[in-house]
Amino acid sequence: MSKKNITLGHSPDADDAFMFYAVSKGIVKSKKIEFTHIIKDIQTLNSMAINQELDTTAVSAHAYVQLYDTYRVMDCGASMGDRYGPIVVSKPEITTTQGIKIAIPGELTSAFLLLKLYCNDAEFIQYDFDQIIPAVLNSEVDAGLVIHEGQLTFEDFGLKLLLDLPKLWYDECEYPIPLGLNVISRSLDLEIQIEVSQLVKRSIAYALSNIDEALDYAMEFGRGVSRSVAREFVLMYVNKDTLDLNYRGIKGLKFMYDSAFTKGLIKKNIKLDIIVT
């Protein structure tokens, strides 16, 4: 029996590479399906999912508001910030967000939705995520909304923390900040949806049980950072909440969607539909 080909979208980031290591290398495999990996930045994956171009993919929790009718959320693969997450950084002389220009990594990213929950007095300009710190250093913008390894390395560039978004979040909500989700197309048979979700969960479990082995692979996607920084970043976003979304992640998602809807930042508040494996 021939295997069903499934397009699997994920970002070229160390945490995603770590998560999908066992699937990529055939350590975790299936008799029913095989994956074609589509590696793109998260903003591109969000757009591809909106256009229904992927069977299963990582997406921003923010973008899922537009994807509910065509995709279901897996109970694994989520990126949650537990007292950490996207931050706004600037040069030392910037002291306020009022009226300044802030570089953002994409309008559909969860980082941008998080920023808008706590900042409505700035101008937002979209950049590729890896060009945000350079844009701040070159004074193209006053500040930048930083995701990925930049959350750990911004001080190395002489930048300071201007807006501590995770602290603002935890002043209101005790649950993790939902950043990324893994979703799967509703058009696939339920049996395939469950099989894919189980494979992803097994891949995550393997990586967490074989950290150094999976980190060797993830380092290829680490954008030149040291192994210690890559390890810290990866284990920030691939953890027990990634292996099992559980009630903490669901509560965080509900708080984000409820807050954004109340403030008019999203047009509809969705009910979560999660594949439990």
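**Packing around helix H1 and selected local features**

Helix H1 (residues 14-24) packs against helix H9 (residues 227-237) at an angle of about 70°, with 8 Å between their axes; here axes are lines fitted to C-alpha atoms, for helices over the stretch in contact, and angles run from 0 to 180 degrees between N-to-C directions. H1 is therefore roughly perpendicular to H9, a label given to angles of 65 to 115 degrees, with under 35 degrees counting as roughly parallel, over 145 as roughly antiparallel and the rest as oblique. The model is a predicted one, in which local features need pLDDT of at least 70 and side-chain atom pairs count only at pLDDT 80 or more, while totals for chains, interfaces and linings use all residues. Residues are numbered from 1 along each chain as its sequence is written, and side-chain values use heavy atoms, with hydrogens and water left out. Helices (H or I, at least four residues) and strands (E, at least two) are DSSP runs, numbered from the N terminus.

On the H1 side, Ala-14, Asp-15 and Phe-18 meet Phe-233, Val-234, Leu-235 and Tyr-237 of H9, where contact means heavy atoms within 4.5 Å. This contact of H1 with H9 has 6 nonpolar, no polar and 1 charged residues; Ala, Val, Leu, Ile, Met, Phe, Trp, Tyr, Cys and Pro count as nonpolar, Asp, Glu, Lys and Arg as charged, and the others, Gly among them, as polar.

Helix H8 (residues 211-218) also packs against H1, at an angle of about 110° and with the axes 8 Å apart, so H1 and H8 are roughly perpendicular to each other. The crossing of H1 past H8 is right-handed. Ala-14, Ala-17, Phe-18, Tyr-21 and Ser-24 in H1 meet Ile-211, Glu-213, Ala-214, Leu-215, Tyr-217 and Ala-218 in H8, and the residues of this contact divide into 9 nonpolar, 1 polar and 1 charged.

H1 is largely enclosed by the rest of the structure, because 10 of its 11 residues are buried (under 20% relative accessible area, with exposed over 50% and partly exposed in between; 1.4 Å probe, protein chains only). Among the buried residues of H1 are Asp-15, Asp-16, Phe-18 and Tyr-21. Just after H1, Gly-26 takes a positive phi of about 75°. Helix H3 (residues 110-118) is likewise largely enclosed, since 8 of its 9 residues are buried, including Phe-112, Leu-115 and Tyr-118.

Cysteines come next. A search of the whole structure finds 0 disulfides, a disulfide being a pair of cysteine sulfur atoms within 2.5 Å. For Cys-119, the nearest cysteine sulfur, that of Cys-173, is 20 Å away. Cys-119 is buried at 3% relative accessible area, and Cys-76 counts as buried at 1%.

Val-136 has its place in helix H4 (residues 132-137) and is buried, with a relative accessible area of 0%. Beyond its neighbours within four places in sequence, Val-136 is in contact with several residues, among them Val-89, Lys-91, Val-141 and Leu-159.

Two positive phi values occur at residues other than glycine. Ser-139, in the loop between H4 and strand S9 (143-146), has a phi near 60°. His-148, in the loop between S9 and helix H5 (150-153), has a positive phi of about 60° and counts as buried at 14% relative accessibility.

Conventions
Left-handed = near helix turned anticlockwise from the far one by under 90°.
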